[in-house]
Amino acid sequence: MDKKNFRPESLMMSYGYKPELSEGAIKCPIFQTSTFVFKTAEEGKAFFEVAYGLREKGPTEEMGLIYSRLNNPDLEILENRLCLWDEAEDCAVFESGMSAISTVMMEFLDPGDYVLYSNPTYGGTYHFVKAVLSRFGINSLAFHAFETEENIKKLIEEKGIGDKLKMIYIETPANPTNALVDIEACRRIADQYSTADKKVYLTVDNTYMGPVWSHPLKHGADLVVYSATKYIGGHSDVIAGAVLGSQDVMTRVKTLRTFLGNMAGPWTGWLLMRSLETLKVRMTEQAINAEKVAEYLNAHPKVDKVHYLGFVDEKEDPRNYAIYKRQYSCAGAMISFDIKGGEKEAFRFLNALQLMHLAVSLGSTESLVEHPSSMTHSDFTAEDKALYGINDSLVRLSIGVENYEDLITDISQALDRV
Ligand SMILES: *Cc1c(COP(=O)(O)O)cnc(C)c1O
């Protein structure tokens, strides 16, 4: 029986771990060690040959443990488990989402290249592209998340960057309004501008909907990146990131990680393995709660518009509806809404909440609420805020695992105070 035939949620407690190698412990211990003892000098030599790519790994040979910047059991087992959700060939775990994203960009972009990215995008990613990559001569061009395939191609032609385009980087659904980007359309654009000696890589930040509800590799992405701080970690107690893809691209990502030294440590690896055991139940409960909260908000007289994927309407918005149905198996647990009024009303609401916490970040067991215009998206220009609907009245909610009736009671009493 091939264990890979079981569903990921059934394998998160055991996959890739051999109790007999750890005194029979049912759980993988924390391998809090910087280096590993070789049995013989010959073994050490053989491990290094594989690690440094001096020869191919033999058919039954396992990569030996050398030094925790190169490999550590807590990271390797975690990476094998993460591969199951996205059906990826390989995975690399990082000390943050930003280190995962920046390592991918540094590995696949050279001076003179262009990265085309969807906007709005996570603030840290935006800053890295605009303020850091530019210092190394790497150029960027943004397109709006709601733009059509034709218009994105038109933009590439108008700017004349087709022969320098090296990566398309997208975030979908876009934070904070849940705008959708069509992954398959981006694949077609990447292919159109790829040549025999210049592949255009498609990278998708799947933090909002993965790894349970969306699998971008199946829609043609070359690389999928995560802030594992969010749903994967899920308890607001760890910062981490992950990258997944084919063996080819991951060998490159892991090699750069070895030399930047931005891999996660064993303790982070162990915490994330613990989190993965409950990933599916947490996210399932969060999505059920989000649907109830979204319905409540939608009917409330003090609420203008609710941005929730479950409300994307087939007749009103056929394009987004088609993307939603193709890319996602669930409406997710992120909601934003415009309260009637502006910042004053939004702040009254935020300050009156008793159960939900006023904090940025998302995907955790506790519900979090924030004000994008003055917090996560405060560095957007007034024009960009208007363009993307990041109004002063907009409030973003990340729904947790509390009882949804209590969440609604809390929201109700806070709206009463507005
Ligand atoms: C939080 C986040 C990141 C950055 O991840 P860190 O773990 O904070 O470094 C990147 N992308 C998205 C969509 C995020 O929400």
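**Figure 1. Buried residues of helix 9 in the predicted model.** The structure shown in this and the following views is a predicted model. In helix 9, the buried residues are Pro266, Thr268, Gly269, Leu271, Leu272, Met273, Ser275 and Leu276. Helix 9, spanning residues 266-276, is thus shown as a mostly covered element, with eight of its eleven residues buried. The cover over these buried residues includes helix 3 (73-86), strand 1 and helix 10 (279-298).

Figure 2. The strands follow the order 1-7-6-5-4-2-3, and their pairing is mixed. Strand 1 (90-94) and strand 3 (139-144) are the edge strands, each of which pairs on one side only. On average, and with direction ignored, neighbouring strands of this sheet are turned by 20 degrees against each other. Helix 4 (residues 97-108) packs on the sheet and touches strand 1, strand 4 (165-171), strand 5 (201-205), strand 6 and strand 7. The direction of helix 4 makes about 155 degrees with that of strand 6. Helix 7 lies across strand 3, strand 4 and strand 5, and runs at about 175 degrees to strand 4.

**Figure 3. Pairing of strand 6 with strand 7.** Strand 6 comprises residues 223-227 and strand 7 comprises residues 241-245. The two strands pair in the antiparallel sense over five bridges. Within this pair, Tyr226 stands opposite Ala242 of strand 7.

Figure 4. Strand 2 (residues 114-119) is mostly covered, six of its six residues being buried. In a regular strand, side chains alternate between the two faces of the sheet. Both faces of strand 2 are covered. Tyr114, Leu116 and Ser118 are buried on one side, and Val115, Tyr117 and Asn119 are buried on the other. Strand 2 pairs with strand 3 in the parallel sense over six bridges. Tyr117 stands opposite Ala142 in strand 3.

**Figure 5. Packing of helix 4 against helix 5.** Two packed helices are described by the angle between their axes and the distance between the axes. For helix 4 and helix 5 (residues 123-132), the angle is about 30 degrees and the axes are 10 Å apart. Helix 4 is therefore roughly parallel to helix 5, a description that applies to angles under 35 degrees. Helix 4 passes helix 5 in a right-handed crossing. Helix 4 contributes Met98, Ile101, Ser102, Met105 and Met106, which meet Gly124, Thr125, Phe128 and Val129 of helix 5. The residues of this contact divide into six nonpolar, three polar and no charged.

**Figure 6. Packing of helix 6 against helix 7.** Helix 6 (residues 149-159) and helix 7 (residues 183-192) pack with their axes 10 Å apart, at an angle of about 30 degrees. The two helices are therefore roughly parallel to each other. The crossing in which helix 6 passes helix 7 is right-handed. On the side of helix 6, the contact is made by Glu149, Ile152, Lys153 and Ile156. Helix 7 supplies Ala185, Arg188, Ile189 and Gln192. Of the residues in the contact of helix 6 with helix 7, four are nonpolar, one is polar and three are charged.

Figure 7. The order of the strands is 8-9-12-11-10, with mixed pairing. Strand 8 (303-307) and strand 10 (357-358) are the edge strands, and each pairs on one side only. Strand 9 (residues 334-339) pairs with strand 12 (residues 394-398) in the antiparallel sense over five bridges. The bridge partner of Ile335 in strand 12 is Leu397. Helix 12 (residues 343-352) packs on the sheet, where it touches strand 9, strand 10, strand 11 and strand 12. The direction of helix 12 makes about 130 degrees with that of strand 9.

Figure 8. Ser373 is placed in the loop between strand 11 (368-370) and helix 13 (382-388). The relative accessible area of Ser373 is 5%, and the residue is therefore classed as buried, the cut-off being under 20%. Apart from its neighbours within four places in sequence, Ser373 is in contact with Ser378, Lys385, Ile390, Asn391 and Asp392.

Definitions and conventions
Residues are numbered from 1 along each chain as its sequence is written. This is a predicted model: local features need pLDDT of at least 70, side-chain atom pairs count only at pLDDT 80 or more; totals for chains, interfaces and linings use all residues. Side-chain values use heavy atoms; hydrogens and water are left out. Helices (H or I, at least four residues) and strands (E, at least two) are DSSP runs, numbered from the N terminus. Buried means under 20% relative accessible area, exposed over 50%, partly exposed in between (1.4 Å probe, protein chains only). Contact means heavy atoms within 4.5 Å. Axes are lines fitted to C-alpha atoms, for helices over the stretch in contact, and angles run from 0 to 180 degrees between N-to-C directions. Angles under 35 degrees count as roughly parallel, over 145 as roughly antiparallel, 65 to 115 as roughly perpendicular and the rest as oblique. A crossing is left-handed if the near helix is turned anticlockwise from the far one by less than a right angle, and right-handed if clockwise. Ala, Val, Leu, Ile, Met, Phe, Trp, Tyr, Cys and Pro count as nonpolar, Asp, Glu, Lys and Arg as charged, and the others, Gly among them, as polar. Two strands pair if DSSP finds at least two bridges between them.
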